[in-house]
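My notes follow in the order I took them.

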Amino acid sequence: MANILYGVNGEGSGHSTRSKEVISHLQGAGHRVHVVSFDRGLRNLSDSFEVTEIFGLRLSYVNNQVRYRRTIARNLFTAPKAARSIHRLMALAEQWQIDLVITDFEPLSCRVGHRKRLPVLCIDNQHCLTHAVISYPSRYRREAAATKLVTRLMTPRADAYLVTSFFTAPVRRPGAFLFPPILRQEVLKTRASEGEDVLVYVTSPALELVKSLANIRCRFIAYGFGRDGHEGNVIFKKPSLQGFLQDLAGCKAVIANAGFSLLSEAFYLGKPYLAVPVRHQFEQIFNAYYVDKMGYGTCWDELNKERVESFLFNLPLYKENLASYARQNNSALLSKVDELIAELRRKSP
């Protein structure tokens, strides 16, 4: 059995949700897994595992838009903290007698693996941009180039990349493998039904959206507005993991940002999706583009009454397309992880 250093990016909740499933599998197979993370990753995983806090690189947002210059300036300013965290992580890797590193888009663990000449596996959805044959609108070329550069710099030169995606595509690099999204057990065990409500999720309160929804003949369940209550045809709910999953499983469609985790869960449960990507965050722009391209829903930079009504009118078409969506559990990716760990340990000196 291996001593594994597992680095989890703490930006958002998607990395930790995905990593929890992989870490639980590794521990069940008898491996000793030492988890390191920060921010939400630290908070989300600490209830299930022993997690060591490390320094984390973060994106900077202003008015729900990614600001790349501010992101670079902020992380350059904190570079000494990153260096100290790498030094401490090197010492811990020695103490833990680490044999192999797995990283979910977490750069410090990757760098420790390279410095100690250990095998490195990378599991994430971000490398779909660099390791698969994809397309996107030409007007986003500059944002795509910047995002690809960041992706390459975050976890470079891994021995293998296990990339998750809600659509299929050829891989373009040796050592890269494409898999369906990793889903939490709660989702895999959930039975979907079709109600009459549309689930709305926003990352920051959007008053203009509420005004548009109020004029549409449909009932909406809205999360992300920081309150409970009822206002016309909109039911507001405060955050609740169990309540949100129940509403997701029972709704007829979803309106939300284009985060990878929610998209993956919605499609697994057969829910058409109206995606509104965070501005200047190319990963979400890319996800939203493929929602539309695959016919699982549509996307807009901004919403109004007419666009929401058009989405609702086309729900039968989106549901028909989702009928052929490949609903799979996590076994294929987890089996590949087991295979690669055994292979890389045989090859390591």
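How many helices and strands does the secondary structure of the chain come to? I counted 15 helices and 16 strands. I note here that the model is predicted.

Overall build. I looked up the radius of gyration and found 21 Å for the chain. A compact globule of 349 residues would have one near 20 Å, so the chain agrees with that. I then took the spans of the C-alpha trace along the principal axes, which are about 65 × 40 × 40 Å.

Surface and charge. I have the accessible surface of the chain at about 16900 Å². Carbon and sulfur atoms hold 51% of that surface. I counted 46 positive and 32 negative side chains in the chain. The centres of these two sets lie 5 Å apart.

Helix 1. I went to residues 14–28, which form helix 1 with its 15 residues. From first C-alpha to last, helix 1 reaches 22 Å, close to the 21 Å expected at 1.5 Å a residue. Which residues of helix 1 are buried? I listed His15, Ser16, Arg18, Ser19, Glu21, Val22, Ile23 and Leu26. For reading such a list, I keep in mind that an α-helix has 3.6 residues a turn, so residues three or four places apart point the same way. Last, I checked what comes after helix 1 and found Gly30, with a positive phi near 100°.

How values were computed:
Residues are numbered from 1 along each chain as its sequence is written. This is a predicted model: local features need pLDDT of at least 70, side-chain atom pairs count only at pLDDT 80 or more; totals for chains, interfaces and linings use all residues. Side-chain values use heavy atoms; hydrogens and water are left out. Helices (H or I, at least four residues) and strands (E, at least two) are DSSP runs, numbered from the N terminus. The expected span of a helix is 1.5 Å times one less than its number of residues. Buried means under 20% relative accessible area, exposed over 50%, partly exposed in between (1.4 Å probe, protein chains only). The radius of gyration is taken over C-alpha atoms; the globule rule is 2.2 Å times the number of residues to the power 0.38. Accessible areas come from the Shrake-Rupley method with a 1.4 Å probe; for residues, only the protein chains shown count as cover. Lys and Arg count as positive and Asp and Glu as negative; His and the chain ends are not counted. The place of a charge is taken as NZ of Lys, CZ of Arg, CG of Asp or CD of Glu.
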